[in-house]
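Subject: Structure for you to look at

Hello,

Below is the structure I said I would hand over. Please open it first and keep it beside you while you read my notes.

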Amino acid sequence: MSLALDKPRSPRRPSARRSNGELYSWLFMRLSGLLLVVLVLGHLFIMNILDGGVHKINFGFVAGRWASPFWQFWDLAMLWLAQIHGGNGVRTVINDYARKDSTRFWLKMLLYVSMVLIISLGTFVIFTFDPNISN
């Protein structure tokens with residue numbers, strides 16, 4: 001009696017295309033996840049406990065906070081890490097579940113374009129924020 005294994009659901013990639021990209025992606029997910037936990041929990045603690053809660057957050061609060069390069073960097077790090085970490089996770093899901101190469105390609109292109117757009121717009125807002133807006 002012999003045991004037969006079903007064929008894998010996703011097609012195998014040629015071995016010539018293998019690189020360490022997935023290893024670096026896996027490592028990035030672990031390191032960025034740890035850093036995001038620190039950044040986000042620190043953000044929540046500072047915003048909700050030390051600074052008096054969310055009811056104090058308004059335009060003036062953000063203007064005062066972003067006057068400091070420290071807070072600009074903190075928020076920029078959260079934006080970049082969260083977007084790249086989340087995008088990498090979605091890329092993995094696309095690779096696992098998209099069956100056709102063309103579907104996989106266009107889904108990943110849509111993902112990459114949206115990631116670049118959100119990171120660019122967020123970075124632009126953080127660095128060009130003007131607290132002296134006139135009515």
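Among contacts between residues at least 6 apart in sequence, 70% join residues at least 24 apart; contact here means heavy atoms within 4.5 Å. The model is predicted, and local features need pLDDT of at least 70, side-chain atom pairs count only at pLDDT 80 or more, and totals for chains, interfaces and linings use all residues. Residues are numbered from 1 along each chain as its sequence is written, and side-chain values use heavy atoms, with hydrogens and water left out.

Overall layout

The chain has four helices and zero strands, and its elements run α-α-α-α from the N terminus on. Helices (H or I, at least four residues) and strands (E, at least two) are DSSP runs, numbered from the N terminus. Of the 135 residues in the chain, 26% are buried. Buried means under 20% relative accessible area, exposed over 50%, and partly exposed in between (1.4 Å probe, protein chains only). The accessible surface is about 10400 Å², and 68% of that surface belongs to carbon and sulfur atoms. These areas come from the Shrake-Rupley method with a 1.4 Å probe; for residues, only the protein chains shown count as cover.

The UniProt record, an unreviewed entry, places the annotation "transmembrane region" on residues 23-46 and 109-129. UniProt positions are given in the numbering used here, feature names are shortened, and annotations may be inferred rather than shown by experiment. In the model, residues 23-46 are 100% helix and 0% strand, with the end C-alpha atoms 35 Å apart. Residues 109-129 are 95% helix and 0% strand, and there the end C-alpha atoms are 30 Å apart.

Ser 32 belongs to helix H1, which covers residues 21-50. Its relative accessible area is 2%, so Ser 32 is buried. Leaving aside neighbours within four places in sequence, Ser 32 is in contact with Leu 81 and His 85. The side chains of Ser 32 and His 85 also make a polar contact of 2.7 Å. A polar contact is a pair of N or O atoms within 3.5 Å; within protein, one must be able to donate a hydrogen and the other to accept it, and residues adjacent in sequence count only if both atoms are side-chain atoms.

Leu 36 is in helix H1 too, and with a relative accessible area of 12% Leu 36 is buried. Beyond its neighbours within four places in sequence, Leu 36 has contacts that include Met 78, Leu 81, Ala 82 and His 85.

His 43 is another residue of helix H1. Is His 43 buried or partly exposed? At 21% relative accessibility, His 43 counts as partly exposed.

Aromatic rings

How many aromatic pairs does a search of the whole structure find? The search finds six. Rings of Phe, Tyr and Trp (its six-membered ring) pair if their centres lie within 6.5 Å; planes under 30 degrees apart count as stacked, over 60 as edge-to-face and the rest as tilted.

One of the pairs is Phe 59 with Phe 129, which is tilted, at 5.3 Å centre to centre and 45 degrees between the planes. This pair links distant parts of the chain: Phe 59 is in helix H2 (residues 59-65), and Phe 129, 70 residues apart from it, is in the segment after helix H4 (101-128). Phe 59 is partly exposed at 42%, and Phe 129 is partly exposed at 26%. Ring pairs also bring in Trp 66, giving a cluster of Phe 59, Trp 66 and Phe 129.

Trp 71 and Trp 74 form another tilted pair, 5.5 Å centre to centre with 55 degrees between the planes. Because they are three residues apart in helix H3 (residues 69-97), about one helical turn separates them. Trp 71 is buried at 18%, as is Trp 74 at 15%. The charged end of Arg 65 sits over the ring of Trp 71, 4.0 Å from its centre. For that, NZ of Lys or CZ of Arg must be within 6 Å of the ring centre and within 35 degrees of the ring normal.

Regards
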